[in-house]
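Visitor: Please take me through this one a piece at a time. Where shall we start?

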Amino acid sequence: MQISTNRIVTIDYTLMNENGTILDSSKGSQPVTYLHGHGRIIPGLESELEGKTAGESLKIDVPPEKGYGPRLDSLIQDLPRNLFKEEQEIRVGMQFEATTEQGPRRLTVVRVESDTVTVDGNHPLAGSMLKFEVDVRDVREATSEELSHGHAHGPDSDH
Ligand code: ZN
């Protein structure tokens with residue numbers, strides 16, 4: 001069966017940066033199961049998987065515009081230090097959720113000074129060229145329940 005819209009696809013993947021350093025992999029944990037054609041995975045992967053079948057292995061290069069988008073300087077902001085509790089330790093690399101004008105975002109602390117904390121709301125992989133190795137494990141029709149929910153159900157899902 002070929003991968004197409006409204007089919008449930010199970011893949012194993014390894015994600016590398018441009019230099020081939022592994023950033024993430026499903027191997028050793030759980031393969032990923034998703035409903036194809038509904039934007040559940042990044043566009044550059046979804047379009048390349050279209051038409052593939054179980055057992056196929058692919059190498060896919062995904063540019064930022066088909067991955068996590070460009071890195072936007074406008075998402076980097078200086079916040080007054082007193083927005084945070086005085087006793088709260090703020091370190092570079094810390095992440096927290098914040099409600100912004102664009103909705104909830106994960107912010108990463110990139111600089112700490114005595115009176116300002118600089119945070120970056122870009123996705124950590126925004127602006128990056130991504131390299132994927134993908135093994136297609138399974139392709140099946142979605143159930144009517146999965147279609148109405150808009151996502152895949154695993155063997156023990158109850159929603
Ligand atoms: Zn559901």
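Visitor: Are tyrosine 13 and phenylalanine 132 buried or exposed?
Guide: Buried means under 20% relative accessible area, exposed means over 50%, and partly exposed lies in between, with a 1.4 Å probe and protein chains only. By that rule, tyrosine 13 and phenylalanine 132 are both buried.

Visitor: How was the picture made, and which residues do its local features rest on?
Guide: Residues are numbered from 1 along each chain as its sequence is written, and side-chain values use heavy atoms, with hydrogens and water left out. This is a predicted model, in which totals for chains, interfaces and linings use all residues, side-chain atom pairs count only at pLDDT 80 or more, and local features need pLDDT of at least 70.

Visitor: How many aromatic pairs does the structure hold?
Guide: Rings of Phe, Tyr and Trp (its six-membered ring) pair if their centres lie within 6.5 Å; planes under 30 degrees apart are stacked, over 60 edge-to-face, and the rest tilted. By this rule, the number of aromatic pairs is two.

Visitor: What kind of pair do tyrosine 13 and phenylalanine 132 make?
Guide: Their ring centres are 6.4 Å apart. The planes meet at 55°, so the pair is tilted.

Visitor: What kind of pair do phenylalanine 84 and phenylalanine 96 form?
Guide: The centre-to-centre distance is 5.6 Å. With 85° between the planes, the pair is edge-to-face.

Visitor: Phenylalanine 84 and phenylalanine 96: where in the chain is each?
Guide: The two are 12 residues apart. Phenylalanine 84 is in the loop between β5 and β6, and phenylalanine 96 is in strand β6.

Visitor: Does phenylalanine 96 count as buried, partly exposed or exposed, and what is its relative accessibility?
Guide: Phenylalanine 84 is buried, with a relative accessible area of 11%. Phenylalanine 96 counts as partly exposed, at 22%.

Visitor: Over how many bridges do β1 and β9 pair?
Guide: Two strands pair if DSSP finds at least two bridges between them. Strand β1 is joined to β3 (residues 32–35) by four antiparallel bridges, and to β2 (residues 22–25) by three, also antiparallel. In β9, glutamate 133 is the bridge partner of threonine 14. The pairing of β1 with β9 is antiparallel, and its bridges number 10.

Visitor: Which residue in the turn between β1 and β2 has a positive phi?
Guide: Methionine 16 stands opposite isoleucine 22 in β2. The two strands form a hairpin with five residues between them, and the one with a positive phi, about 85°, is glycine 20.

Visitor: Which strand gives the most to the lining of the largest pocket?
Guide: A pocket is an open set of points on a 1 Å grid over the protein atoms alone, with protein on both sides within 12 Å along at least five of seven lines; lining residues have an atom within 4 Å of a point. The largest one holds about 250 Å³ of space. Of its 16 lining residues, those closest to the centre are Gln77, Leu79, Thr99, Thr100 and Leu107. With four residues, the strand giving the most is β6.

Note on methods. 1 Å grid on protein atoms, 1.4 Å probe; cavity = no way out; pocket = protein on both sides within 12 Å on 5 of 7 lines; lining within 4 Å. Points joined across faces, edges and corners; volume = space filled by probe spheres on them.
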